[in-house]
Amino acid sequence: MFDQFDTNVILENLHFLIAGMQLTLLLTVAAICGGLVLGTLLALARLSGFWILSLISSTYVNFFRSMPLILVIFWFYFLVPLILGQPVGGYYSVLIAFVLFEAAYYCEIIRAGIQSVRKGQVYAGQAVGLNYFQNMRYIVLPQAFRNMVPVLLTQAIILFQDTSLVYVVGVKDFLVSADLVANRENRILEMFTTVACVYLIMCLSGSILIRKLQRRYAL
Amino acid sequence: MIELRNVSKWYGDFQVLDDCSTMVSKGEVVVVCGPSGSGKSTLIKCVNGLEEFQKGEIQFDGISVGNKKTDLPKLRSKIGMVFQNFELYPHLSVVNNIKLAQLKVLKRSKEEADHKTIQLLERVGLADQSLKFPAQLSGGQQQRVAIARALAMDPIAMLFDEPTSALDPEMINEVLDVMVELAKDGMTMMVVTHEMGFARRVAKRIIFMDEGRIEEDCSTDEFFDSQRGVRAEAFLSKILHH
Ligand SMILES: Nc1ncnc2c1ncn2[C@@H]1O[C@H](COP(=O)(O)OP(=O)(O)O)[C@@H](O)[C@H]1O
Ligand SMILES: [Mg+2]
């Protein structure tokens with residue numbers, strides 16, 4: 001069976017696969033950035049000391065953490081056009097779904113990160129006259145993010161894999177592109193083996209990078 | 001300049017400060033000492049509002065610290081504070097540790113802040129260390145940077161919370177020397193320390209705390225001429241005899 005393994009099909013459709021990978025990476029990076037911003041705001045709300053803000057934040061986090069990702073993707077695919085009153089296309093609806101979903105996880109990571117900054121550092125920022133937001137911006141968050149780097153990167157790898165779920169709404173990411181080629185060329189084994197190898201290599205290098213960073217910077 | 005009137009503070013049921021009253025006038029150096037856990041750090045943190053208190057009144061330069069309407073960040077920018085564990089910002093270089101609040105709080109220009117920073121680093125004898133990060137400095141050097149960082153705001157008073165107790169013995173003097181200079185320049189200082197040599201040299205008054213209360217508040221001479229109470233006596237014999 002393996003003597004029929006045709007590598008040409010991969011080379012011939014390479015541009016197609018690369019375009020799929022670009023979309024996968026774009027989605028991953030955009031979801032990380034959006035999720036980090038929203039997650040930071042949620043974490044600050046949670047730690048603000050105002051019960052109403054902290055209740056909103058914790059409700060949000062508990063809600064999204066109870067939902068299967070695939071449900072959220074589906075749901076937003078139908079919900080977002082309804083709310084906006086116009087079709088937005090699969091890409092934007094899944095992007096919104098990912099940002100909102102990831103934010104719930106990032107919120108918890110960031111909250112733990114902020115709490116890992118020693119109280120003395122908070123005092124030191126306050127003592128020179130920084131206000132709450134300046135203290136967060138210049139003293140606490142930089143140290144919190146530094147402590148969080150390994151966890152955030154691990155979460156990014158999980159997200160990179162999870163983006164493949166967009167196939168349910170027909171967005172052409174890497175996996176969907178490969179699936180299309182596989183069916184068109186009738187080269188299912190070649191394509192899925194390739195896809196598996198690519199995911200394996202990318203995620204494995206990601207994990208190795210994290211471990212190197214941890215050792216280098218004693219994170 | 002600093003005035004505390006009947007200040008009490010509780011952590012839940014536990015009373016950390018019990019009816020504390022004292023005063024530090026302009027240009028005065030006052031040393032606060034007492035056993036560990038007696039509330040010295042808490043007291044000094046109440047002065048610039050880092051800790052809240054439930055009863056009494058604290059005035060700094062005529063401004064009520066406990067008043068909800070007081071602009072605490074602005075008030076704090078006028079009070080320098082030095083911590084036991086230095087608390088330099090680990091992610092910023094020495095220069096940026098000293099510059100940050102000058103730029104963000106006092107809104108000084110980059111040139112002004114640079115100028116001030118270099119001046120202060122020379123004053124604490126660390127001009128050659130400006131580009132290093134805190135972790136690359138010895139404890140004594142870090143504490144001198146911390147003093148420079150506080151002085152960069154041109155404070156009208158300085159608070160010290162055991163500035164030398166986390167230092168190796170050979171580094172204590174380099175920090176105390178900077179503090180003695182400051183005192184001679186007429187800085188108003190409230191210093192929590194067990195360095196009795198320092199206290200004798202520059203302090204005008206000594207406050208002795210125990211279990212959240214100010215047990216003694218007398219001139220330095222009186223304190224060392226054994227007019228102190230039994231608890232202060234016991235405490236002093238403990239720290240002087242090891
Ligand atoms: N955040 C806190 N919560 C509860 N108790 C505290 C807290 N901070 C300090 N304490 C207690 O208050 C007392 C005084 O602490 P502190 O002011 O640090 O004493 P000192 O500086 O004289 O050693 C100690 O018994 C300490 O355990
Ligand atoms: Mg203390």
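Predicted model: local features only at pLDDT ≥ 70, side-chain atom pairs only at ≥ 80, totals over all residues.
1. Which residues line the largest cavity? From chain A they are A:Ala124, A:Ala127 and A:Val128, while from chain B they are B:Met81, B:Phe83, B:Ala146, B:Arg149 and B:Ala150. Sorted by class, this lining contains 7 nonpolar residues and 1 charged residue, with no polar residues.

2. The largest pocket holds about 1,100 Å³ of space. Its lining is made of 41 residues, and those nearest the centre of the pocket are A:Gln126, A:Tyr132, B:Leu50, B:Glu52 and B:Arg76. Two or more lining residues come from each of several elements, namely helix 2 (14-46), helix 5 (89-115), helix 6 (119-127) and helix 7 (132-162) of chain A, and strand 4 (55-60) and helix 2 (72-76) of chain B. Among the contributors to the lining of the largest pocket, helix 7 of chain A gives the most, with 5 residues. By class, the lining of the largest pocket comprises 21 nonpolar, 12 polar and 8 charged residues.

3. For residues 21-210 of chain A, an unreviewed UniProt entry gives the feature "domain: ABC transmembrane type-1". In the model this span is 84% helix and 0% strand, and its end C-alpha atoms lie 22 Å apart.

4. Side chains of opposite charge can pair when their charged atoms come close. Over all chains, the whole structure has 19 salt bridges. One of them joins A:Arg187 to A:Glu190, with 3.3 Å between the closest N and O atoms. Are the two partners buried or exposed, or something in between? A:Arg187 counts as partly exposed because its relative accessibility is 27%, whereas A:Glu190 counts as buried because its relative accessibility is 5%.

5. In chain B, a salt bridge links the side chains of B:Glu28 and B:Arg205, at 3.1 Å from N to O. B:Glu28 lies in the loop between strand 2 (14-24) and strand 3 (29-33) of chain B, and B:Arg205 lies in strand 9 (residues 205-210) of chain B, so this pair ties together parts that are 177 residues apart in sequence. B:Glu28 counts as buried, since its relative accessibility is 7%, and B:Arg205 is buried too, with a relative accessible area of 15%.

6. B:Arg205 also meets the side chain of B:Asp217 in a salt bridge, at 3.0 Å from N to O. Here B:Asp217 lies in strand 10 (residues 213-219) of chain B and B:Arg205 in strand 9 of chain B, so the pair ties together parts that are 12 residues apart in sequence. B:Asp217 is partly exposed, because its relative accessible area is 34%.

7. A further set of charged residues deserves a look alongside these pairs: B:Asp18, B:Glu211, B:Arg213 and B:Glu215 are joined into one network by salt bridges that share partners.

Methods. Residues numbered from 1 in each chain as written. Chains lettered and ligands numbered in written order. Heavy atoms only, no water. 1 Å grid on protein atoms, 1.4 Å probe; cavity = no way out; pocket = protein on both sides within 12 Å on 5 of 7 lines; lining within 4 Å. Points joined across faces, edges and corners; volume = space filled by probe spheres on them. Helix = DSSP H or I, 4+ residues; strand = E, 2+ residues; numbered from the N terminus. Nonpolar A, V, L, I, M, F, W, Y, C, P; charged D, E, K, R; others polar. UniProt positions renumbered as here; feature names shortened; annotations may be inferred. Salt bridge = Lys/Arg side-chain N within 4 Å of Asp/Glu carboxyl O. Buried < 20%, exposed > 50% of the residue type's maximum accessible area, 1.4 Å probe, protein only.
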